[in-house]
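Student: Could we work through this structure together, one question at a time? I would like to see how each answer is reached.

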Amino acid sequence: MPKRTVNVLLVEDDEVDVMNVQRAFKRNCIDNPLYIANNGLDALSMLRGSDSEPPSVPDHRRLVLLDINMPKMNGLEFLQELRQDASLKSTPVVVLTTSDADQDRLEAYRLNVAGYILKPVTFATFAEVMASLNQYWALCEIP
């Protein structure tokens, strides 16, 4: 089966969590490109580009790993904006957060997330979650 690259945009403001994702990718030999945005506004800019610049994240086979609690534009606000944009609304999003609040989970699923995952406490478990996600998106037909 040929390797199909997935362009992963991690939307996360916590530097430790960013490093954990990077470490988990390395530990599991996940070589998909990883792009990082610190909040929803930055993520939208990276996905849309501007009049003079193309998107920072390639516009094919992309997946967003999204935290909920962030400054400027939180994850749910980002999702609302993403789903209203005709060119971005089909982008798969997996929420990866510490928020166990029912209202966050319900709102995320209302906005058509592909999954809602609570960040594991230990790095070993976190690395296993990243490995499972990698296997999942390798099988998925992502636009």
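Student: Is Val-18 buried or exposed?
Tutor: This is a predicted model, so the value is computed from predicted coordinates. Val-18 has its place in helix 1, residues 15-27. Its relative accessible area is 10%, and the cut-off for burial is under 20%. Val-18 is therefore buried.

Student: Which residues is Val-18 in contact with, leaving aside its neighbours within four places in sequence?
Tutor: One of them is Ile-36, which lies 18 residues from Val-18 along the chain, with the two C-alpha atoms separated by 7.9 Å. With the sequence neighbours set aside, the contacts of Val-18 are Leu-10, Glu-12 and Ile-36.

Student: Leu-10 makes me curious about the strands. Which residue stands opposite Leu-10 in strand 3?
Tutor: Strand 1 covers residues 7-11 and runs parallel to strand 3, with 5 bridges joining them. Across that pairing, the residue opposite Leu-10 is Leu-65.

Student: What is the order of the strands in the sheet?
Tutor: The sheet is open, has 5 strands and is paired in the parallel sense. Strand 2 (34-37) and strand 5 (115-118) each have a single partner strand, so they stand at the edges with one side left without a neighbour in the sheet. From one strand to the next the twist averages 20°. The order is 2-1-3-4-5.

Student: How many residues of strand 3 are buried?
Tutor: Let's take the side chains by direction. In a regular strand, side chains alternate between the two faces of the sheet. Here Arg-62, Val-64 and Leu-66 point one way, Leu-63 and Leu-65 point the other way, and all are buried. Strand 3 is thus largely enclosed by the rest of the structure, the count being 5 of the 5 residues.

Student: In strand 4, which residue is the bridge partner of Leu-66?
Tutor: Strand 3 and strand 4 run parallel and are joined by 3 bridges. Strand 4, residues 93-97, also pairs with strand 5 over 4 bridges, where Thr-97 stands opposite Leu-118. For Leu-66, the partner in strand 4 is Val-95.

Student: How do the residues of the contact of helix 3 with helix 4 divide into nonpolar, polar and charged?
Tutor: Helix 3 brings Leu-76, Leu-79 and Gln-80, while helix 4 brings Asp-104, Glu-107, Ala-108 and Arg-110. The two helices pass in a left-handed crossing. The contact residues come to 3 nonpolar, 1 polar and 3 charged.

Student: And is the crossing of helix 1 with helix 5 right-handed or left-handed?
Tutor: Helix 1 and helix 5 (residues 123-139) have axes 9 Å apart and pack at about 65°. That makes helix 1 roughly perpendicular to helix 5. As for the hand, the crossing is right-handed.

Terms used:
Residues numbered from 1 in each chain as written. Predicted model: local features only at pLDDT ≥ 70, side-chain atom pairs only at ≥ 80, totals over all residues. Heavy atoms only, no water. Pairing = 2+ DSSP bridges. Axes fitted to C-alpha atoms, helices over the stretch in contact; angles between N-to-C directions. Left-handed = near helix turned anticlockwise from the far one by under 90°. Contact = heavy atoms within 4.5 Å. Nonpolar A, V, L, I, M, F, W, Y, C, P; charged D, E, K, R; others polar. Buried < 20%, exposed > 50% of the residue type's maximum accessible area, 1.4 Å probe, protein only. Parallel < 35°, antiparallel > 145°, perpendicular 65-115°, else oblique.
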